[in-house]
Amino acid sequence: MTPDTPDTTDAAVGTGTAEPAQERLRRWRLVLGGEAADGTGCALSGRDAAMDGTLAALYGKGDRAQSGRERSAGLGASAPSVARWLGDIRTYFPSSVVQVMQRDAIDRLGLASLLLEPEMLEAVEADVHLVGTLLSLNKAMPETTKETARAVVRKVVEDLEKRLATRTRATLTGALDRSARISRPRHHDIDWNRTIAANLKHYLPEYRTVVPERLIGYGRASQSVKKEVVLCIDQSGSMAASVVYASVFGAVLASMRSIDTRLVVFDTAVVDLTDQLDDPVDVLFGTQLGGGTDINRALAYCQSQITRPAETVVVLISDLYEGGIRNEMLKRVAAMKASGVQFVALLALSDEGAPAYDREHAAALAALGAPAFACTPDLFPEVMAAAIEKRPIPVPDTV
């Protein structure tokens with residue numbers, strides 16, 4: 001393409017008539033901001049100027065003082081001005097970008113306290129990270145805001161349940177059936193693939209068939225409890241997104257009659273939220289994000305609740321920064337595994353990428369046969385299915 005050839009694709013993003021060079025200047029101007037040092041010499045107007053204003057309010061550096069300190073960005077301190085800004089970014093940017101900008105505003109400008117205002121909560125784009133922020137502010141939240149906050153949290157939770165519940169139930173139902181194989185099944189309970197594989201030595205070529213001397217089948221469908229699952233969740237501040245996802249999965253598991261689910265959250269204290277599992281929003285508002293960490297104490301409580309070790313899966317969700325007694329924590333894990341418990345350690349349960357975690361403790365758990373790894377919500381059903389069937393856990397290649 002020559003400089004004289006119009007770039008209709010780029011032009012369509014702007015005013016519809018811009019030349020390629022002018023469009024490139026426009027984009028650089030939006031990226032660099034409005035200081036004279038940007039060097040573009042490009043002036044913005046209309047929608048572009050309004051979009052630039054919303055970006056500058058959050059990311060603009062403004063004039064630098066002689067000391068070299070940067071002037072703070074320009075959202076101001078009042079809830080109305082921030083509410084207007086939240087409306088503006090939803091006008092100019094897609095939802096995924098809006099969520100990133102909201103998180104940056106909370107982190108860069110200290111706007112968490114403004115989320116205590118009902119009108120602010122009504123203006124934000126709800127996502128998992130916002131839920132984590134609201135939960136961390138729960139104790140400071142005035143009564144006038146709590147109902148609005150619960151509505152925001154419920155919307156996110158319901159969206160997550162719609163995305164995750166069906167696949168989770170289907171995956172775990174299959175795992176539960178396979179884990180209950182019997183050697184004398186009724187005809188409709190026969191697992192034909194495994195039966196044929198186990199009897200290939202009895203193949204009769206003249207009849208082109210296999211004589212199944214040994215039948216392998218699934219256990220009959222039953223409403224009785226087949227497995228027990230204990231979700232042990234670190235509620236320190238860094239685990240906010242994991243707490244949200246774990247609460248949703250806990251509610252999904254609790255809805256399955258064949259699984260007896262227990263949900264325990266901890267910092268330096270331990271709280272059993274099992275009786276609230278019918279509503280993950282209640283679970284979330286029962287957490288206390290922040291504080292220290294005592295994994296050993298939490299595992300001691302979980303261990304005391306186990307009645308059928310060989311049919312129990314314990315899932316520890318923690319970054320493993322232990323504030324309690326390290327050796328006792330490892331001894332408890334070793335004791336649970338020796339008794340037949342399937343133990344899974346997740347450094348995070350979220351889509352946030354590689355987490356920070358205690359590598360020494362992770363290596364110690366791996367040495368006990370309990371690899372610790374970060375797990376995405378999409379992978380979690382497969383991890384649980386493998387644990388239920390006592391298969392090797394599908395640890396991601398990035399570990």
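Modeller: In this predicted model, the accessible surface of the protein comes to about 20,100 Å², and 51% of that belongs to carbon and sulfur atoms. The protein has 15 helices and 8 strands. Buried residues make up 45% of its 399 residues.

Biologist: Why is S236 called buried?

Modeller: The relative accessible area of S236 is 6%. Buried means under 20%, so S236 is buried. S236 sits in the loop between β3 (227-234) and α10 (240-254). Beyond four places in sequence, S236 touches F266, L289, G290, G291, T293 and D319.

Biologist: What makes W28 exposed?

Modeller: W28 has 52% relative accessibility. The cut-off for exposed is over 50%, so W28 counts as exposed. In α2, P20, E23, R26, R29 and L30 are buried. Just after α2, G33 takes a positive phi of about 95 degrees.

Biologist: Why is E352 called partly exposed?

Modeller: E352 has a relative accessible area of 47%. E352 is placed in the loop between β7 (342-349) and α14 (359-367).

Biologist: Which residues is E352 in contact with, leaving aside neighbours within four places in sequence?

Modeller: E352 is in contact with H129 and A241. E352 and A241 are 111 residues apart in sequence, yet 8.2 Å apart in space, C-alpha to C-alpha.

Biologist: What makes R150 and D282 a salt bridge?

Modeller: The closest N and O atoms of R150 and D282 are 2.6 Å apart. The cut-off is within 4 Å, so the pair qualifies. R150 lies in helix α8 and D282 in helix α11 (residues 280-285), so the pair ties together parts that are 132 residues apart in sequence. R150 is partly exposed at 22%, and D282 is partly exposed at 28%. The structure holds 13 salt bridges.

Biologist: How do you know that R308 and E228 form a salt bridge?

Modeller: For R308 and E228 the closest N and O atoms are 3.3 Å apart, which is within 4 Å. R308 lies in the loop between α12 (295-304) and β6 (312-317) and E228 in strand β3, so this pair ties together parts 80 residues apart in sequence.

Biologist: Are R308 and E228 buried or partly exposed?

Modeller: R308, at 29% relative accessibility, counts as partly exposed. E228 has a relative accessible area of 12% and is buried, because buried means under 20%.

Biologist: Which residues touch the most other members of the largest nonpolar core?

Modeller: That core has 62 residues, and L115, L134, V315 and F380 touch the most other members. The largest share of this core, 10 residues, comes from helix α8 (residues 143-179). Apart from this core lies another, of 25 residues, among them V230, V264, C302 and V341.

How values were computed:
Residues are numbered from 1 along each chain as its sequence is written. This is a predicted model: local features need pLDDT of at least 70, side-chain atom pairs count only at pLDDT 80 or more; totals for chains, interfaces and linings use all residues. Side-chain values use heavy atoms; hydrogens and water are left out. A nonpolar core is a set of buried Ala, Val, Leu, Ile, Met, Phe, Trp, Tyr and Cys residues joined through side-chain atoms within 4.5 Å. Buried means under 20% relative accessible area, exposed over 50%, partly exposed in between (1.4 Å probe, protein chains only). Helices (H or I, at least four residues) and strands (E, at least two) are DSSP runs, numbered from the N terminus. Contact means heavy atoms within 4.5 Å. Accessible areas come from the Shrake-Rupley method with a 1.4 Å probe; for residues, only the protein chains shown count as cover. A salt bridge is a side-chain nitrogen of Lys or Arg within 4 Å of a carboxyl oxygen of Asp or Glu.
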